[in-house]
Amino acid sequence: MVTAAQPLPRALPRATAVRHLGPNWYATVMGTAIIATAGAGLPLDLPGLRTVCAGVWALSLGLLGTLLAARALHWTHHGDQARAHLLDPATAPFYGCLAMALLAVGGGALTVGRDWIGPRAALALDAVLFTAGTVTGLAAAVVVPYLMAVRHKVGPGQASPVWLLPVVAPMVSAALGPMLVPHLPPGQPRETLLLGCLAMFGLSLLATLVMLPLVFARLITGGPLPLALTPSLFLVLGPLGQSTTAVGRFADFAPGVVPASLSAGFGLLAVLYGVPVMGFALLWLGFAVAQVVRARRQGMGFAMTWWAFTFPVGTCVTGAEALAGHTGLVVYDWLALGLFAGLVAAWATAAVHTARGLLSGELLAAPRPAPAAPRPTTARTTSDAVR
């Protein structure tokens, strides 16, 4: 940590504002881009809706460019802090957000961004961002768990939904990759990409199934999360909604790409997998909302973890939209609309508080220890092990 008594490098004062800018800031890009993608798929024919979605996507593109530049300054001028982030078990998992931000903006380009920048530019942008995001996501899915195993000092009481972030990134690739399939030459290139997305679906799903029991066991045996971390419970919705979206996209783009028998199998998978997983997502949503209401009553204030209310909920919107298309049930249309309304409200709330925090400088200041959750009224006293 540089103190006032130490000489500062000449170039440092121009970049001091980004010293504490962590990879968690990419969540603002993810949460913004998902509004554009989810909004474009709603069962509504409202005049101007698609234009608004395209505008929101343009905002996410601007945020991505700004954050990439700011993070480049961070690594250039504050390499010590950047390395400390990688070695911090509470911060390292957020490197998965970089991959998901790239992927979310790329997918939005092909969905609604093409209305503003044209189909060719949208396809080129998505191809670049999908490639970069997929490579980054696969790297994070390996490197972060490796660091957790060999370098980080963590115990069962420190498990949190944040641990899911690096292993969920490949699931975002799996959900968005099929949209590029029709733009590849027929034959093996298309089938390779589609089945490659299926492979990423599998690796992310199995990794999530390994991590999630640790998180749930921590909640049951260790008590509530610290107040500032409570919104991270919504992160569990990410792999659930995104995987439901992914199987729906497999079914959409499989015809003519894989043999007819496999294509029919993808159609069955979209329903037989998506329906029960969406049911569990709604169960978890109720559980997470109850925990957040409790934490709010206990004094939970705004933190960047509030962005967890956006992207994961958005994946459930796209998952519900996929189920509506493959089942024909109106109930999923209404579910998508209800979740989207909550998504917009959550985004607006998080965006306003983030803007205030940036203007005041509070969000870019050195982090302060988060207040622990109040002790449970039972004899269990291990809930304050996680801080």
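Predicted model: local features only at pLDDT ≥ 70, side-chain atom pairs only at ≥ 80, totals over all residues.
Residues are numbered from 1 along each chain as its sequence is written, and side-chain values use heavy atoms, leaving out hydrogens and water.

The bend, of about 30°, falls at glycine 274, and proline 276 follows within four residues; a bend is the angle between axes fitted to the seven residues ending at a position and the seven starting there. Helices are DSSP runs (H or I, at least four residues) numbered from the N terminus. The 38 residues of helix 9 should span 56 Å at 1.5 Å a residue, and the 54 Å between its end C-alpha atoms agrees with this; the expected span is 1.5 Å times one less than the number of residues. After helix 9 comes glycine 299, with a positive phi near 110°.

Threonine 305 sits in the loop between helix 9 (260–297) and helix 10. A polar atom of its side chain lies 2.6 Å from the backbone oxygen of alanine 228. Leaving aside residues up to four places away in sequence, threonine 305 touches Ala228, Leu229 and Pro231, where contact means heavy atoms within 4.5 Å.

Turning to the lining of the largest cavity, its residues comprise five nonpolar, four polar and one charged. Nonpolar here covers Ala, Val, Leu, Ile, Met, Phe, Trp, Tyr, Cys and Pro, charged covers Asp, Glu, Lys and Arg, and the others, Gly among them, are polar. Helix 8 contributes the most to this lining, with three residues.

Technical notes
Helix = DSSP H or I, 4+ residues; strand = E, 2+ residues; numbered from the N terminus. Polar contact = N/O pair within 3.5 Å; in protein donor to acceptor, adjacent residues only side chain to side chain.
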